[in-house]
Amino acid sequence: MAELKFLFFLGCTIPYRVSSYEVSARRVLPKLGAELFEMPDFNCCGLPVDPANHELMLVLAARNLCLAEQQKMNIVTLCTGCATTLRKTNKMLKEDKKLRETINDYLKKVGMEFKGTVEAKHLVQMLKEDVGLEKIKETVQKPLTGLSVAEHCGCHLLRPAKFSGFDNSENPTTLKNLIELTGAKCLDYTDKTECCGYTVVAIDEKVSLSLAREKLRHVKEAGAEAMITVCPSCHLMFDMQQSRIERAFGETFNLPVLHYTQLLGLAMGFSPEELALKELRVDPSRILEALKT
Amino acid sequence: MTEKAAEPPRNVEPAKLDPTFKHEVMREHDGETLKICFQCGTCTSSCPTARFSSSYRPRTVLRMAQLGLREKVLSSNALWLCTACFTCTDRCPQNVEVASVLRVLRNIAVKNDIVPVIYRELTSSIHDTGYAYRIPELRQKKREEAGLPPLPKSNLADVAKLIALTGGSKLLKK
């Protein structure tokens, strides 16, 4: 088996507000034989500033890729935004000589050069391609039988399709398969590949919250007891903002939203405390109680 | 019976159009495909934002850009409502990089000093801390308590240099 050594790209949203994702990932990944190395020198992936300045985005992303090249190690990240940015920039700079020269001219001023010798992956892609479903199945000690959940992949895990390539962006199956390894049932629902609305929350709150509300509705209507996310931004929309959405629209969802790493961690036998489940805004104790019986 | 020559509909004044605008867009990275948009509307009908916004229609924005409605496109609030979900790009039957063309339009707006305040905050935070958000000290303490490694500090001098080199300094908050 190939070595499972990765540079752990933390990104900004996780340390800012969603540390439960990091805590649970650092529990489950070693169980799968993955070894994580820190990136003390990393900077924001660049995605947040792309709408304002594309070259700045490219150069920030490229600097992170150069750091990984220096360490001769591939990157794994928990954030779909960081994943799409690093993956896309990596591919564009590898394939487009002119663009690479432009970016390398900037990087030269900070003593760096993009060479294109590493890969950057999201957790989900890494679990599928590097760890493998069989290996994950072997670590499941306490199958979550009887629990019905719904997945939310997040846009940037799969789109734009020409830069993702490991799943079907219109009808993805990877996250669903990963969820079902835990013994939980993963329900289909209307518009499951649609956006959570996070990226425009600072521009137009009504549009943003409406998008999240519609998804919460569809997940509830499908009969799911929890929603499973693989992105800190999506998680913020559905978990942290859920009470705000409830107030704004006069509806009650009371839908726990777990990171995939928390779901897998429970199936591995970790305690809710070890997986930082108490940090979730929407209390998951109802589903935890049900799993005990 | 003679038929009266039909007057073409005039929603825009030709004199107010900027014929160079589309070329400005197409020169930018990923902006080239603006010219092949044939206005089928797959983007708008696939757009999650368009369902909840009365002003944002990606097809319309692209048409206005093709026509050269420079000021109208660049000053429109709707320009900033794209969530960058890329559904339009993936579904476009003509392979127009819809979301990327919209990003090019935003970048041009920024060059013309039209900048939603959030982008100033994000860039300033990256400049000052390496992170897009200013992470409170309290978080660092909480990380220790949770047994997490200390928060990386990045190389701020290099990050600041890259921001300046790419023309990002104008985004910094004064």
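Guide: Domain bounds here come from an automatic or database domain assignment, and for chain B that assignment gives domain 1 (14-111) and domain 2 (117-171). The model is a predicted one.

Visitor: What scores does the model have, and what is the mean pLDDT of chain B?

Guide: The model scores ipTM 0.96 and pTM 0.95. For chain B the mean pLDDT is 94, on a scale that runs from 0 to 100, and 97% of the residues of chain B reach 70 or more.

Visitor: How far apart are the centres of the two domains of chain B?

Guide: Taken over C-alpha atoms, the centres of domain 1 of chain B and domain 2 of chain B are separated by 31 Å.

Visitor: Why is L171(B) called buried?

Guide: A residue counts as buried when 20 or more other C-beta atoms lie within 10 Å of its own; L171(B) has 21 such atoms, and is therefore buried. L171(B) is found in the segment after α10 of chain B. Leaving aside neighbours within four places in sequence, L171(B) is in contact with A52(A) and N53(A) as well as with V115(B), Y119(B), R120(B) and T123(B). L171(B) and D113(B) are 58 residues apart in sequence, yet their C-alpha atoms are 9.0 Å apart in space.

Visitor: What comes before D113(B), and what is the phi of D113(B)?

Guide: D113(B) follows α7(B), and its phi is positive, near 65°. The helix α7(B) has 14 residues and reaches 20 Å from its first C-alpha to its last, close to the 20 Å expected at 1.5 Å a residue. Because 13 of those 14 residues are buried, α7(B) is largely enclosed by the rest of the structure.

Visitor: Which elements of domain 1 of chain A touch domain 2 of chain A?

Guide: Chain A is assigned domain 1 (5-123) and domain 2 (140-292), and 24 residues of domain 1 are in contact with 22 residues of domain 2. On the domain 1 side, the elements giving two or more residues are α1 (13-17), α2 (19-31) and α4 of chain A, with the largest share, nine residues, coming from α2(A). By class, that side has ten nonpolar, eight polar and six charged residues.

Visitor: How many residues of each chain are in contact with the other chain, and what classes are found on the side of chain B that touches chain A?

Guide: In all, 51 residues of chain B are in contact with 46 residues of chain A. On the side of chain B that touches chain A, α10(B) gives the most, with six residues, and the residues of that side divide into 28 nonpolar, 14 polar and nine charged.

Visitor: Which residues touch the most other members of the largest nonpolar core?

Guide: That core has 146 residues, and those touching the most other members are A62(A), V149(A), M227(A) and L105(B). Helix α3 (residues 54-71) of chain A gives the most to this core, with eleven residues. Not counting residues up to four places away in sequence, V149(A) touches residues including I179(A), A184(A), C186(A) and M227(A).

Conventions: Residues numbered from 1 in each chain as written. Chains lettered and ligands numbered in written order. Predicted model: local features only at pLDDT ≥ 70, side-chain atom pairs only at ≥ 80, totals over all residues. Core = buried A, V, L, I, M, F, W, Y, C linked by C-beta atoms within 7 Å. Buried ≥ 20, exposed ≤ 12 C-beta atoms within 10 Å, placed from the backbone. Helix = DSSP H or I, 4+ residues; strand = E, 2+ residues; numbered from the N terminus. Contact = placed C-beta atoms within 7 Å. Nonpolar A, V, L, I, M, F, W, Y, C, P; charged D, E, K, R; others polar. pLDDT = per-residue confidence, 0-100. Expected span 1.5 Å × (residues − 1).
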